[in-house]
Amino acid sequence: MSHSVADRPASRLLLPVAAYGVLLLTSLQSLVVPLLNQIQTTLHSTPGAISWVMTANLLAAAVLTPVLARLGDLRGRRTVLLGVTVVVLVGSLLAATTENLPLLLVARAMQGTSYALLPLAIGLLRDELPPARLTGATAIVSGTVAIGAGFGLVATGLLVGDGGDYHRVFWLATAMAVIALVAIGLVVPRRQPAARGRVDWAGAALLGGALVLLLLPLEKGNTWGWASARVGVLLVASAVAFAAFVAVERRVAQPLVNLRMFSHRPLAIANIAGLLLGAAMFVGFLTVSAFVQTPPALAGYGFGATVLSASIVYLLPGALSGVVTAPLGGRLVARYGAKATLALALLVSAVGFALLAAVHATTWQLILSSFLVTNGVTLGYAALPALLIEHVTPAETGVANSVNSIARSVGSAIATALVVTMLSRNPVPGLPVPLPQVTQYTVTAAVTAVGVLLVALLVVVGLPHRPRTTLTPAQVEADDVLGAAGLDIPAALRPAPGH
């Protein structure tokens, strides 16, 4: 016999377990960023090859997150949560025990399934908690997102700050996955599946293949030569795969990506903004981390920062400030509207990149640049779900948020490839190790600033003026988490009809 949400005696441990799953996800996302140089040195690899430590993770997230979220609807969230956590555990254990780059990439792709913990955990809370409690619960999870990113950076700095091996962070990830597996098994209730239907496996395979075919030449272009046959063939193959993906998605009853979300102008602009914000976050992370760890005695720039100082001094302030910025975004959306808040968010990120391009001689300048970029992205992520609410029907909010979530992940993956391409061109001559020239950092930051600024202009000019919705700051904060999870917005959290 089925039970309504109000009738279900939700365990008091359900919210802590859901929040811990999100903590695990965001920790896995951030803990590798300061380690790429050390991993490259230890495995005697190249920047392009090591970049796949990030790219494989983000590709798996972009393709598998909507698939696993859909499986949660069809097979039950508890079952899929346990399955995802087992995959993350095995991937973390493999990463902790291997010194083989291909196996490490497999491990990172397995860890990429952790991105599905967000929609699964939030979907679980939505199923088990009444709407009156859901707003507060999602606010807690929103804070956990920022705390998890900060925890990953701090843990990385402390574990390898004394010259320790990078495998230590993967042993930590293994232990965290074990705790998550036990907690889910003990606390999450068994429920009947929430939906019927099929998973768009063909769409997922085509999207994954198209992205790999696109990212390979973007990362290998410097090595192979941009005019080489391999680059041309892969780019053409990528275009063909994307065309096949579009053709399949038009025919599938329940597609991985609803293409209508790109044909309606406001939704297309929201997805372009999501893609650029996802890209901006990782451009900021990767460029700042690499720049500050560059030894000035060799390159003539940089700070020779250790992994500890790169993590805690330069990246942590921006990550932890999300605890304040996310609710601030809710207040800005409630007062000024989603369009104005999104434009402001993009402008803040653009200023951060412009500052990074123009001044990078002192520690405070790098910290401020990273802080502005990260907080601009956080504000933008808070505004996007509220913006989507204004332009879709209540039944379409889940689809719109899911597509936007995919756009963010794809943007992050593409950004990783482009950063490596930009920074591996024209290394400083005569050095025992290849290091980029400082102009490559400034060009990367300047190009990103211009791109983000153009999208801000697109938001201002291209989005129609609409009366502000009557969402409260708390509702906007809840929508931020639901939107990041690619889930629909419950009727109780939407604006009242007629407003």
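Two residues are said to be in contact when heavy atoms of one lie within 4.5 Å of the other. The model discussed here is predicted, and that cut-off applies to every contact named below. By this criterion, and leaving aside neighbours within four places in sequence, arginine 260 is in contact with Leu267 and Glu396. Arginine 260 belongs to helix α12, which covers residues 260-263. Glutamine 38 is 222 residues from arginine 260 along the chain, and the C-alpha atoms of the two are separated by 44 Å.

The overall layout comes next. The chain is divided into domain 1 (8-194), domain 2 (257-466) and domain 3 (467-493). Taken over C-alpha atoms, the centres of domain 1 and domain 2 are separated by 22 Å. Domain 1 gives 28 residues to the contact between these two domains, and domain 2 gives 26 residues.

Domain 1 and domain 2 each also supply at least three residues to the lining of the second largest pocket. This pocket holds about 920 Å³ of space. Its lining is made up of 41 residues, and those nearest the centre of the pocket are Asn37, Gln40, Pro47, Pro434 and Leu435. Two or more lining residues come from each of the elements α2 (36-42), α3 (47-50), α10 (201-224), α13 (265-293) and α19. Of these, α2 provides the largest share, 5 residues. By residue type, the lining of the second largest pocket has 22 nonpolar, 17 polar and 2 charged residues.

In the loop between α2 and α3 lies histidine 44. Most residues other than glycine have a negative phi. Histidine 44 is not a glycine, yet its phi is positive, at about 55 degrees. With 74% relative accessibility, histidine 44 counts as exposed, because the class begins over 50%. A second residue with a positive phi is asparagine 426, which is not a glycine either and has a value near 50 degrees. Asparagine 426 is found in the loop between α19 and α20.

Helix α19, which spans residues 397-423, can be followed through two of its residues, one of them alanine 417. Alanine 417 has a relative accessible area of 0% and is therefore buried. Leucine 214 is 203 residues from alanine 417 along the chain, with 9.6 Å between their C-alpha atoms. Serine 402 is also in helix α19. Is serine 402 buried or exposed? At 17% relative accessibility, serine 402 is buried, because the limit for that class is under 20%. Not counting residues up to four places away in sequence, serine 402 touches Pro66 and Gly486.

Another buried residue is leucine 74, with a relative accessible area of 7%. Leucine 74 lies in helix α4, residues 52-75. Its contacts, not counting residues up to four places away in sequence, are with Pro193, Ala195, Arg196, Gly197, Arg198 and Val199. The C-alpha atoms of leucine 74 and leucine 125 are separated by 17 Å, and the two residues are 51 residues apart along the chain.

The last topic is the aromatic residues. The structure holds 7 aromatic pairs. One of them joins tyrosine 301 and tyrosine 441 in an edge-to-face arrangement, with 5.7 Å from centre to centre and 65 degrees between the planes. What does this pair tie together? Tyrosine 301 sits in the loop between α14 (296-299) and α15 (307-320), while tyrosine 441 sits in helix α20 (residues 438-462), so the pair ties together parts that are 140 residues apart in sequence. Both tyrosine 301 and tyrosine 441 are buried. They belong to one aromatic cluster, formed by Phe291, Tyr301, Phe303, Tyr314 and Tyr441.

Methods: Residues numbered from 1 in each chain as written. Predicted model: local features only at pLDDT ≥ 70, side-chain atom pairs only at ≥ 80, totals over all residues. Heavy atoms only, no water. Helix = DSSP H or I, 4+ residues; strand = E, 2+ residues; numbered from the N terminus. Buried < 20%, exposed > 50% of the residue type's maximum accessible area, 1.4 Å probe, protein only. 1 Å grid on protein atoms, 1.4 Å probe; cavity = no way out; pocket = protein on both sides within 12 Å on 5 of 7 lines; lining within 4 Å. Points joined across faces, edges and corners; volume = space filled by probe spheres on them. Nonpolar A, V, L, I, M, F, W, Y, C, P; charged D, E, K, R; others polar. Domains from an automatic or database assignment. Phe/Tyr/Trp six-rings, centres within 6.5 Å; stacked < 30°, edge-to-face > 60°.
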